[in-house]
Amino acid sequence: TCGDTTESNLTEGSSMRSKLAVLVTAFSLALPLALASAASAAKIQTNHDPEADFASYKTYRWNKAEGPGGANLDRPVRAVAEEALAKKGLKKVEVGEPADLELMYNAGGVSNLTAGVGIAPGWWGDLFLIQSAEWYTTAGIAFTFHEVATDKVVWSGWKIVKGTNQDAPQVMAKRAPGYTKDIFAKYPPK
């Protein structure tokens, strides 16, 4: 009977290792998918001064004649922002002219490389530690309205996104006008 017990324990141990290997494999496949969907589902976020009277604001100006990222980023972003704000009844005046609000924005990104250790299942259900690395780009665009009379921030909106391939910075820059439209869809606060 002693041999039967040992064989049973070996079978149970092998079965447990197989189950563990399946779980680790499933988890290692599901985690990147979950993270990718969470990153692509980045939300527009906004903040505002609850005491600000948004109905009283009629005009705005940009804080600078040209924003970050050069003309290839700045022109499309400004065009979308100006169109969205015009539809909401705000009139743009030239930089330095009297206005109710001053609009500024910033856009940028950073690439990250993180080295670490991963887990890989072996042929027989064993687990191995292997070297791994994760490369990704985090980028964002943010807009802020300052009340000119008080220089107080009354509204801000932003979107932060994460990309995981080598073309992510270019894709994010190309999508910046769309992000801008989505951000200004949340202005004024309700």
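How many salt bridges does the count come to? With a salt bridge taken as a side-chain nitrogen of Lys or Arg within 4 Å of a carboxyl oxygen of Asp or Glu, the count comes to five. The structure is a predicted model, in which local features need pLDDT of at least 70 and side-chain atom pairs count only at pLDDT 80 or more, while totals for chains, interfaces and linings use all residues. Residues are numbered from 1 along each chain as its sequence is written, and side-chain values use heavy atoms, with hydrogens and water left out.

The chain contains three helices and six strands. These elements are DSSP runs numbered from the N terminus, with helices (H or I) of at least four residues and strands (E) of at least two. Along the sequence they follow the pattern α-β-β-α-β-β-β-β-α. Of the 190 residues in the chain, 29% are buried. Here buried means under 20% relative accessible area, exposed means over 50%, and partly exposed lies in between, for a 1.4 Å probe and protein chains only.

The six strands form an open sheet with mixed pairing, in the order 1-6-5-4-2-3. Strand 1 (45-48) and strand 3 (91-92) are the edge strands, and each pairs on one side only. Two strands are said to pair if DSSP finds at least two bridges between them. In general, strands of a sheet pair through backbone hydrogen bonds, either parallel or antiparallel. Both senses occur here: strand 2 (residues 59-62) and strand 4 (residues 101-121) pair in the parallel sense over three bridges, whereas strand 4 and strand 5 run antiparallel and are joined by 21 bridges.

Arg61 counts as buried because its relative accessibility is 13%. Leu101, also in strand 4, counts as buried because its relative accessibility is 0%. The C-alpha atoms of Leu101 and Asn63 are separated by 9.5 Å, although these residues are 38 residues apart along the chain.

Glu82 forms a salt bridge with Lys92, and the closest N and O atoms are 3.4 Å apart. The pair links distant parts of the chain, with Glu82 in helix 2 (residues 71-87) and Lys92 in strand 3, ten residues apart. Glu82 is partly exposed because its relative accessible area is 22%, and Lys92 is partly exposed because its relative accessible area is 35%. Glu83 forms a salt bridge with Lys87, also with 3.4 Å between the closest N and O atoms. Because Glu83 and Lys87 are four residues apart in helix 2, about one helical turn separates them. Glu83 counts as partly exposed at 46% relative accessibility, while Lys87 is exposed, with a relative accessible area of 68%.

Two surface patches were examined. Patches consist of residues with over 30% relative accessible area and no salt bridge; like charges are joined within 9 Å, and nonpolar side chains (Val, Leu, Ile, Met, Phe, Trp, Tyr) within 5 Å. Val117, Ile119, Leu127 and Leu129 form a nonpolar patch with about 410 Å² of accessible area together, as given by the Shrake-Rupley method with a 1.4 Å probe, where for residues only the protein chains shown count as cover. Strand 4 and strand 5 each supply at least two residues of this patch. Leu129, in strand 5, is exposed because its relative accessible area is 68%.

The positive patch is formed by Lys43, Lys88, Lys186 and Lys190. Lys and Arg count as positive and Asp and Glu as negative, while His and the chain ends are not counted; the place of a charge is taken as NZ of Lys, CZ of Arg, CG of Asp or CD of Glu. Lys190 lies in the segment after helix 3 (168-184) and counts as exposed at 93% relative accessibility.
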